[in-house]
Amino acid sequence: MYRGAYTAIVTPFAADGTIDEAALRALIEAQIEGGIDGIVPVGTTGESPTLSHEEHNRVVELTVKFVNGRCKVIAGTGSNSTDEAIQLTQEAKRAGADATLQVAPYYNKPTQEGLYQHFRAIAEQGGLPVIIYDIPGRTGVSVSIDTLVRLHNDLPQGIVGLKEATGTTDRISTLRALLGNDFSILSGDDSLTLPMMSVGADGVISVASNILPRQVRDMVHAALEGNFGQAREIHASLSPVFKDLFIETNPIPVKAALAMAGRIQETYRPPLTPMGAANRARLEQTLRTFGYLSV
């Protein structure tokens, strides 16, 4: 079971656009100190679309090395090419990752049978437990409940969870009832984490925990322990941060926030660009109000 708070970590770049390995190490140390349950490198937040295969593998390798067994590593190794996803997953296994996060194939919009065959091949050949990532707003296709149930029933040790980012809580209760408690359901949306957990989700793969690992972790673990009063209080305090970390395309705002705090250089891979002035001012004010930045 994958339960708790997992950070979809950014990939820090130096001014020349190369991977800033020292900054990545420092970010991971801060996550460990914050009590996070796991790190998810090279997902959307890690700017995976613009990393080369060599860079992709290097970030996973570095993450496993820096974590050094202190929390789980779920490597983002998805692709809209099944063969490529298998190869990236095999490399992540060699690096020592615990599991793989597999986004639904984007742009080519496979049928549900195509999705089934894609995820099954990765589970059978990649060598790592698969957490499926359903985010139709980015991929153009959604993994149906029937397909998820079929995959888990056919490969219970291979297809072990779901990152749910469809923008609704509607599927959580149904999936929990059909798949039981040995299938992990993780929110893919910070602002919906607590609502999803109230109806059966197990935690979150979070963007906000890049800057606030302890707070996100505490909210999730309060909910896991059934202390929804405390979880609601933390959620309410974090809600403005959750909102403003998505006023522009992820990961632009969270990288800007980390840069404001002096944690990374604010460098993006094109076609991502720095935040607009008005949104930057709004985000900075929210972070100062919360106390993340000194006044």
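Q: What volume does the second largest pocket have?

A: In this predicted model, the second largest pocket has a volume of about 270 Å³. Its lining is made up of 18 residues, and those closest to the pocket's centre are Tyr133, Ile135, Ala165, Gly188 and Phe246. Sorted by class, the lining of the second largest pocket holds 9 nonpolar, 6 polar and 3 charged residues.

Q: What is the volume of the largest pocket, and which residues lie nearest its centre?

A: The volume of the largest pocket is about 620 Å³. A total of 30 residues line the largest pocket, and Gly43, Thr44, Ser48, Pro49 and Tyr106 are the ones nearest its centre.

Q: Which elements give two or more residues to the lining of the largest pocket, and which gives the most?

A: Two or more residues come from each of H2, H3, strand S4 (99-103) and helix H5 (136-139), and S4 gives the most, with 3 residues. By class, the lining of the largest pocket consists of 11 nonpolar, 15 polar and 4 charged residues.

Q: Which two quantities describe a pair of packed helices?

A: The general idea is that two packed helices are described by the angle between their axes and by the distance between those axes. In this structure, helix H2 (residues 53-67) packs with helix H3 (residues 82-95) at an angle of about 30°, and their axes are 9 Å apart. Angles under 35 degrees count as roughly parallel, and H2 and H3 are therefore roughly parallel to each other.

Q: Is the crossing of H2 and H3 left-handed or right-handed, and which residues meet there?

A: H2 passes H3 in a right-handed crossing. On the H2 side, His53, His56, Asn57, Val60, Glu61 and Val64 take part, and they meet Glu84, Leu88, Glu91, Ala92 and Ala95 in H3. By class, this contact of H2 with H3 has 5 nonpolar, 3 polar and 3 charged residues.

Q: How do H3 and helix H4 (residues 112-125) pack, and which residues meet?

A: The axes of H3 and H4 come within 9 Å and cross at roughly 30°, and H3 and H4 are therefore roughly parallel to each other. H3 passes H4 in a right-handed crossing. Thr82, Ala85, Ile86, Thr89 and Gln90 of H3 meet His118, Ala121, Ile122 and Gln125 of H4, and by class this contact has 4 nonpolar, 5 polar and no charged residues.

Q: At what angle do H4 and helix H6 (residues 145-154) pack, and how far apart are their axes?

A: H4 and H6 pack at an angle of about 30°, and their axes are 10 Å apart; the two helices are therefore roughly parallel to each other. Their crossing is right-handed. The contact is made by Gln112, Glu113, Tyr116, Phe119 and Arg120 of H4, together with Thr147, Arg150, Leu151 and Asp154 of H6. These residues divide into 3 nonpolar, 2 polar and 4 charged.

Q: Is the peptide bond from Asn250 to Pro251 cis or trans, and where is Pro251 found?

A: The peptide bond from Asn250 to Pro251 is cis, with omega near 10°, and Pro251 is found in the loop between helix H10 (228-244) and helix H11 (252-260). The peptide bond from Pro270 to Pro271 is also cis, with omega near 20°, and Pro271 is in the loop between H11 and helix H12 (277-290).

Q: What is phi of Asn68, and where is Asn68 placed?

A: Phi of Asn68 is near 55°, which is a positive value in a residue other than glycine. Asn68 is placed in the loop between H2 and strand S3 (72-76).

Conventions: Residues are numbered from 1 along each chain as its sequence is written. This is a predicted model: local features need pLDDT of at least 70, side-chain atom pairs count only at pLDDT 80 or more; totals for chains, interfaces and linings use all residues. Side-chain values use heavy atoms; hydrogens and water are left out. Axes are lines fitted to C-alpha atoms, for helices over the stretch in contact, and angles run from 0 to 180 degrees between N-to-C directions. Helices (H or I, at least four residues) and strands (E, at least two) are DSSP runs, numbered from the N terminus. Angles under 35 degrees count as roughly parallel, over 145 as roughly antiparallel, 65 to 115 as roughly perpendicular and the rest as oblique. A crossing is left-handed if the near helix is turned anticlockwise from the far one by less than a right angle, and right-handed if clockwise. Contact means heavy atoms within 4.5 Å. Ala, Val, Leu, Ile, Met, Phe, Trp, Tyr, Cys and Pro count as nonpolar, Asp, Glu, Lys and Arg as charged, and the others, Gly among them, as polar. On a 1 Å grid over the protein atoms alone, a cavity is a set of points where a 1.4 Å probe fits but cannot get out, and a pocket is an open set with protein on both sides within 12 Å along at least five of seven lines; lining residues have an atom within 4 Å of a point. Grid points are joined across faces, edges and corners, and a volume is the space filled by probe spheres set on the points.
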